[in-house]
Amino acid sequence: MRDTTHMDRALDEARAAGARGEVPVGAVVVDAAGRVVAQAGNRTRELSDPTAHAEILAIRAACVALGSERLVGHDLYVTLEPCAMCASAISAARIARLYYGADDPKSGGVAQGARVFTHPQCHHVPEVYDGIGARASEVLLKTFFRDRRTASE
């Protein structure tokens with residue numbers, strides 16, 4: 001139950017990001033007791049910041065809230081497989097468990113592409129659970145990009 005409840009909140013963040021014209025990705029950081037510490041959606045365009053991915057923003061907010069650069073014992077729920085940059089941040093923050101929805105064959109950095117957590121230079125490897133809310137995440141992303149293509153025609 002915990003997996004889907006927090007992924008639903010991440011999906012809400014993704015929908016809000018899409019409504020702002022951002023790629024619809026959302027993330028939620030949860031403590032060991034299951035309480036939400038931080039949540040965010042993509043804001044790369046709004047902030048003119050290529051690092052303002054949902055995962056990075058949620059990790060930053062959680063670290064500020066806790067007064068620490070580490071999120072030991074915390075979980076991260078994200079609607080899309082993290083890219084290599086976000087996977088590196090997840091490792092650096094010492095996230096305990098990563099739950100993600102849709103696979104990202106183009107830019108993923110966990111199960112696809114760079115596979116950051118398999119590198120010997122990776123200092124911390126979280127437990128990874130994929131496919132949580134995958135269908136809803138995929139539909140949201142596909143609809144967003146289809147609508148953008150249609151609008152530009």
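1. The protein chain exposes about 7,700 Å², and carbon and sulfur atoms supply 53% of this area. Accessible areas come from the Shrake-Rupley method with a 1.4 Å probe, and for residues only the protein chains shown count as cover.

2. This is a predicted model, in which local features need pLDDT of at least 70 and side-chain atom pairs count only at pLDDT 80 or more, while totals for chains, interfaces and linings use all residues. Residues are numbered from 1 along each chain as its sequence is written, and side-chain values use heavy atoms, with hydrogens and water left out.

3. The protein chain has four helices and five strands, arranged along the sequence as α-β-β-α-β-α-β-β-α. Helices (H or I, at least four residues) and strands (E, at least two) are DSSP runs, numbered from the N terminus.

4. Of the 153 residues of the protein chain, 44% count as buried, meaning under 20% relative accessible area with a 1.4 Å probe, protein chains only.

5. Glutamate 55 lies in helix H2 (residues 54-66). Glutamate 55 is buried yet has no salt bridge, and the nearest side chain of opposite charge, arginine 60, is 11 Å away. A salt bridge requires a side-chain nitrogen of Lys or Arg within 4 Å of a carboxyl oxygen of Asp or Glu; Lys and Arg count as positive, Asp and Glu as negative, and His and the chain ends are not counted.

6. Apart from neighbours within four places in sequence, glutamate 55 is in contact (heavy atoms within 4.5 Å) with Val25, Ala27, Leu76, Val78, Leu80, Pro82, Cys83 and Cys86.

Technical notes
Buried < 20%, exposed > 50% of the residue type's maximum accessible area, 1.4 Å probe, protein only.
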